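Biologist: I'm new to this one and would like a quick tour. Can we start with a helix and work outwards?

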Amino acid sequence: MAEVSLGKYLFERLYQLQVQTIFGVPGDFNLSLLDKIYEVEEDHGKGSFRWAGNANELNASYAADGYSRVKRLGCLVTTFGVGELSALNGIAGSYAEHVGLLHVVGVPSISSQAKQLLLHHTLGNGDFTVFHRMSNNISQTTAFISDINSAPAEIDRCIREAYVKQRPVYVGLPANLVDLNVPASLLEKPIDLSLEKNDPEAQDEVIDSVLELVRKAVNPIILVDACASRHDCKSEVTELIEKTQFPAFVTPMGKGTVDEGGVDGEMLADDPQLIAKVAAKLSAGKNAASRFAGVYVGTLSKPEVKQAVESADLILSVGALLSDFNTGSFSYSYRTKNIVEFHSDYTKIRQATFPGVQMKEALQELNKRVAHAAANYEVRPVPKIKLVNTPATRDVKLTQEWLWTRVSSWFREGDTIITETGTSSFGIVQSRFPNNTIGISQVLWGSIGYSVGATLGAAMANQEINPNRRTILFVGDGSLQLTVQEISTMIRWNTTPYLFVLNNDGYTIERLIHGVNATYNDIQPWQNLAILPTFSAKNYDAVRISNIGEAEDLLRDKNFGKNSKIRLIEVMLPRLDAPSNLAKQAAITAATNAQG
């Protein structure tokens, strides 16, 4: 085949990077482009490439985000104007949280643009670039393609930027160009996804300075945040922990980046033998999980975690995103000035900043020499993490505090766990993950309803990687109502997520911040157990649990643990019940909002 259409070229490039699902909504300016999805599938085999077909563009952007957090790149296709603007909230979240996305927009033909025709989906003023300009500030780079000869190179550039920089990229593709041909031979050369090399002299100075700090440290720690995961540094972080044996902490956004050594899902949290088994597992060897020390959230941390972090004399911080909800409203209180920050595009040591010294290469070089520098470090015990709930009778009503401890022992290695902004994202901090768990929580952007769309994306990604991997969602009854339509798409593609709906009668996080009895924090109650059959699910479970006995029976059921069908579990909770750290955060946020 000497030539290939530009539209097919785009999708073949994505397929080469294991992007096998395209999210979005059809519109007349992108229909010819969508035809090319099926041509790619025909070439590579049935089920190899697919169009998700979302309920709306906002949900599609959330889904592409969730997909990317599992596979490192996602793609959504929208139509000009009405479609692309509907997706922008989700795109902004991906930009804020360092998620690699390609946003492809089907735009009117070049001739229509040149004539400034008064087309539908325009503002009626002949300006066809206005929406492109709107995306500029939430995109790593953009391209508004107008020349078929340079189009393949522009597409390659945009894909590379999205993948390497882990940010959204905008591509405007005119409807008349997608069927024009380009040389098929261009597909033979892979897109260069390598990072630019760090400046050797600057990097050497960084490594030498860090090693000197390591040699002198008596009580050092490692603090890992979200960008370590987003920028593919989990293996480097693991090696750093194992070679130094420093205690390793994560932030709420970083949860899942460090192996936590949590119990396997087949064990039970109230089994006395479990404690000894877990203790032996964590104390054996020098793996990263044995040095996991907990979640640090400033003043909202557990006391023993707060003390351990804030008394450190050296902090190696990797991939920090220091937002309010990620830091307990900026309540970090380090006693030391010996702080090293590794970021995706710079490194900072104390007050000295080294632009362009990227953390992946810097960590790789540091790991070659750090064991010798840390040879005299006297290994300190890490804070103990409680695994067992206080005993209670079966008829005791469920609470957040009980739930988040108990699900720790139901989780299993390889799970993808998604939590919604609100009680879930705060509650999950109190749980412990098994190794090789992916945690997804939009702590910084915090768009209510994000998690349902993200669950679709993650479930479809897991379906492609390993159908046995479980995808687990925890979402509030209020948040669910914003994006519930995407459950229909989950059913359409036979995905099998667990959908835990925490029913506490409205927007609990908002009630705690302001308006505890205000009607604007109320929602119309739904028959949540009817959602799956309403969307025509055939193979499903829909159950409600209200007390400890019902929850234990469900979580002990081996069939329930099998990733065999889509399941909705409605968890009935008291109206103002919340994780303790959320109650504290809400009080801080309320006070901050009231300041002049």
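Modeller: Start with the side of H8 where Glu201 and Lys216 are exposed; exposed means over 50% relative accessible area, buried under 20% and partly exposed in between, with a 1.4 Å probe and protein chains only. Helices (H or I, at least four residues) and strands (E, at least two) are DSSP runs, numbered from the N terminus. This is a predicted model, where local features need pLDDT of at least 70, side-chain atom pairs count only at pLDDT 80 or more, and totals for chains, interfaces and linings use all residues. Residues are numbered from 1 along each chain as its sequence is written, and side-chain values use heavy atoms, leaving out hydrogens and water.

Biologist: Which residues of H8 are buried?

Modeller: Ala202, Gln203, Val206, Ile207, Val210, Leu211, Leu213 and Val214. They are on the same side of H8 because they cover an arc of only 160° around the axis, taken from the directions from the helix axis to the C-beta atoms.

Biologist: What do the buried residues of H8 pack against?

Modeller: They pack against strands E12 (314–318), E13 (339–342), E14 (346–349) and E15 (352–355), and against helix H13 (359–373). Contact here means heavy atoms within 4.5 Å.

Biologist: What is the strand order in the open sheet?

Modeller: The seven strands run E11-E10-E9-E12-E13-E14-E15, with mixed pairing. At the edges are E11 (292–295) and E15, each pairing on one side only. Two strands pair if DSSP finds at least two bridges between them.

Biologist: How do E9 and E10 pair?

Modeller: E9 (residues 220–224) and E10 (residues 248–250) pair in the parallel sense over three bridges. In that pair, Leu223 stands opposite Phe249 of E10.

Biologist: Which strands does H10 lie across?

Modeller: Helix H10 (residues 234–244) lies across E9, E10 and E12, at about 165° to E9. Axes are lines fitted to C-alpha atoms, for helices over the stretch in contact, and angles run from 0 to 180 degrees between N-to-C directions.

Biologist: Glu239 is in H10. What is its relative accessible area?

Modeller: The value for Glu239 is 30%, so Glu239 counts as partly exposed.

Biologist: New topic: which residues touch the most other members of the largest nonpolar core?

Modeller: Phe11, Leu14, Ile22, Phe23, Leu102 and Ile487, out of 79 residues. A nonpolar core is a set of buried Ala, Val, Leu, Ile, Met, Phe, Trp, Tyr and Cys residues joined through side-chain atoms within 4.5 Å. A second, separate core has 46 residues, including Leu213 and Phe246.
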